[in-house]
Amino acid sequence: MKHLISPLDLTVSELKGILDLAGEIIQDPKKYANVCQGKKLATLFYEPSTRTRLSFEAAMLNLGGSILGFSSADSSSASKGESVADTIRVISSYADICAMRHPKEGAPLVASSYSSIPVINAGDGGHNHPTQTLTDLLTIKNLKGRLDNLTIGFCGDLKFGRTVHSLINALVRYENIKFVLISPEELKIPAYLREEVLDANKIPYEETKLLEQVMPNLDLLYMTRVQRERFFNEEDYIRLKDSFILDAKKMEFAKKDMLVLHPLPRVNEIATEVDSDPRAVYFKQAEYGVYVRMALIMKLLEVA
Amino acid sequence: MLNIGGLNQGIVIDHIEAGGAMNIYSYLNLEKLDCSVAIIKNAKSNKMGKKDIIKIEGTLDIDLDILGVLDRNITVNIIDDGMIKEKRNLKLPEKVTNIIKCKNPRCITSIERDLPHSFRLTDREKGVYRCIYCEQAFKRV
């Protein structure tokens, strides 16, 4: 039995299988409307996350399956002090597959070692969020046509942004990938990612603070939110925040086929005027999140 | 200058980071041993400036490689018949369980009952161990 705990649990070929299946689902969703009939997905959400939970539930319902679960630790037995290990042993007898979001890093890995059903990590603290990575990869593959030969800009909070770390980890496995890392000094990617992933794999990258200058080189721009509370002082925040806001003026510097991705929720880092630009694909990306979760559920339940 | 007599048979744990000897002492449960144990703190060292040393008389049946997890500069000399019989190079184990503890407050090990603290060696050259759950690197104090 297979679980999905880290984005790197999947080999490049398994990843291809999921992305190809998601592509087929997009083409003909009706064909898959009953493939999970009689199967149940448990959504174990120890902290609230509307979009991720709803996209998992939508995915299972689209496949003809049913759903059960809880959406906060208060409404689960965790509030009575039950361990993750005990909870999953019980849930294993109620459902066929589960998606777990937990504030503590590594909780889904603990669950997977006691579970008799496949466990999907739906986000564990600031650590991993593999289905967001799958969503990002499906968006890139479907809208760009490839996962190799790409120059990808990551902009904003690259220090704490787990979606950025996971996507970098996933993309270094493809040929001819270059990264442009655009962030304030305080929010540069962590040293371990630079040393153990980029340098270790000899991946070319540049670090910069100026989005406009690098825009013409990018095939993709992955935006993230720069949060006020991440800055050491208010002055720095005010000085830097506008450098990392994408607006229509900055989009003028970009290639005609550059795509803008964002894991959402967006606050002010992408001006709403960009939404109407055909290169802004972040809402399409959210839609793809459902398709890729459908494909993942099918693969883990071995109905594909 | 402090003088501690040489060992006839035993183990010398050398090049311990200054101030770290008591950690090693506790980890090896040396307080339970019946034999002589000398702890030398802040000894002069050309290489390190200051270092700690532990000398243990007699034989000790433990996996000495674990010492490298706690402090990667440590060297171990096995003494027999008053002579250095073996200079043991510590080989860092690929995985260690319940030797070091994850200090990340966001890690599941901070709340889950009876969960073993397991670490994997991710960079042998730099001696980096990461928690298998949260992947945070273990920081030696």
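**Figure 1. Helices α5(A) and α6(A) pack against each other in chain A.** In this predicted model, let us start with two helices of chain A, α5 (residues 130-144) and α6 (residues 162-171). Two packed helices are described by the angle between their axes and the distance between the axes. Here the angle is about 60° and the axes are 9 Å apart. Because angles from 65 to 115 degrees count as roughly perpendicular and those under 35 as roughly parallel, α5(A) is called oblique to α6(A). The crossing of α5(A) past α6(A) is right-handed. Which residues of α5(A) meet α6(A)? Look for A:Pro130, A:Gln132, A:Thr133, A:Asp136 and A:Leu137. Their partners in α6(A) are A:Thr163, A:Ser166, A:Leu167 and A:Ala170. Sorted by class, this contact holds four nonpolar, four polar and one charged residue.

**Figure 2. Helix α1(A) packs on helix α11(A).** Now turn to α1 (12-27) and α11 (282-300) of chain A. Their axes are 8 Å apart, and the angle between them is about 120°. That angle makes α1(A) oblique to α11(A), and α1(A) passes α11(A) in a right-handed crossing. On the α1(A) side you can find A:Gly17, A:Ile18, A:Leu21, A:Ala22, A:Ile25 and A:Ile26. Facing them from α11(A) are A:Tyr291, A:Val292, A:Met294, A:Ala295, A:Leu296, A:Met298 and A:Lys299. How many residues of this contact are nonpolar, polar and charged? There are eleven nonpolar residues, one polar and one charged.

**Figure 3. Helix α2(A) also packs on helix α11(A).** Helix α2(A) covers residues 50-62, and its axis lies 8 Å from that of α11(A). The two axes make an angle of about 55°, so α2(A) counts as oblique to α11(A). The crossing of α2(A) past α11(A) is right-handed. From α2(A), the contact uses A:Arg51, A:Ser55, A:Phe56, A:Ala58, A:Ala59, A:Met60 and A:Asn62. From α11(A) come A:Ala286, A:Gly289, A:Val290, A:Arg293, A:Met294 and A:Ile297. The α2(A) and α11(A) contact divides into eight nonpolar, three polar and two charged residues.

**Figure 4. A:Ile120 sits in strand β4 of chain A.** Is A:Ile120 buried or exposed? A residue is buried if 20 or more other C-beta atoms lie within 10 Å of its own. A:Ile120 has 24 other C-beta atoms within 10 Å, so this residue is buried. Leaving aside neighbours within four places in sequence, A:Ile120 is in contact with A:Leu4, A:Cys98, A:Ala99, A:Thr131 and A:Leu296. Take A:Leu296 as an example of how a fold brings residues together. A:Ile120 and A:Leu296 are 176 residues apart in sequence, and their C-alpha atoms are 9.1 Å apart in space.

**Figure 5. Domain 1 of chain A touches domain 2 of chain A.** Domain 1 is assigned to residues 7-128 + 289-300 and domain 2 to residues 131-285. The domain centres, taken over C-alpha atoms, are separated by 26 Å. Domain 1 brings 19 residues to the contact, while domain 2 brings 16 residues. On the domain 1 side, α1 (12-27), β4 (119-124) and α11 (282-300) each supply at least two residues. Which element gives the most to this side? α1(A) does, with six residues. By class, the domain 1 side has twelve nonpolar, five polar and two charged residues.

**Figure 6. Chain B meets chain A.** Finally, here is the partner chain. In chain B, 15 residues are in contact with 14 residues of chain A. The chain B side of this contact has seven nonpolar, three polar and five charged residues. Chain B itself has two helices and eight strands, which run β-α-β-β-α-β-β-β-β-β from the N terminus on. Its domain assignment gives domain 1 (10-88) and domain 2 (95-131), with C-alpha centres 24 Å apart. The C-alpha trace of chain B spans about 45 × 30 × 25 Å along its principal axes. Of the 141 residues in chain B, 23% count as buried.

Conventions:
Residues are numbered from 1 along each chain as its sequence is written. Chains are lettered from A and ligands numbered from 1 in the order in which they are written. This is a predicted model: local features need pLDDT of at least 70, side-chain atom pairs count only at pLDDT 80 or more; totals for chains, interfaces and linings use all residues. Two residues are in contact if their C-beta atoms, placed from the backbone, lie within 7 Å. Ala, Val, Leu, Ile, Met, Phe, Trp, Tyr, Cys and Pro count as nonpolar, Asp, Glu, Lys and Arg as charged, and the others, Gly among them, as polar. Domain bounds come from an automatic or database domain assignment. Helices (H or I, at least four residues) and strands (E, at least two) are DSSP runs, numbered from the N terminus. Axes are lines fitted to C-alpha atoms, for helices over the stretch in contact, and angles run from 0 to 180 degrees between N-to-C directions. Angles under 35 degrees count as roughly parallel, over 145 as roughly antiparallel, 65 to 115 as roughly perpendicular and the rest as oblique. A crossing is left-handed if the near helix is turned anticlockwise from the far one by less than a right angle, and right-handed if clockwise. A residue is buried if 20 or more other C-beta atoms lie within 10 Å of its own, exposed if 12 or fewer, and partly exposed in between; C-beta atoms are placed from the backbone.
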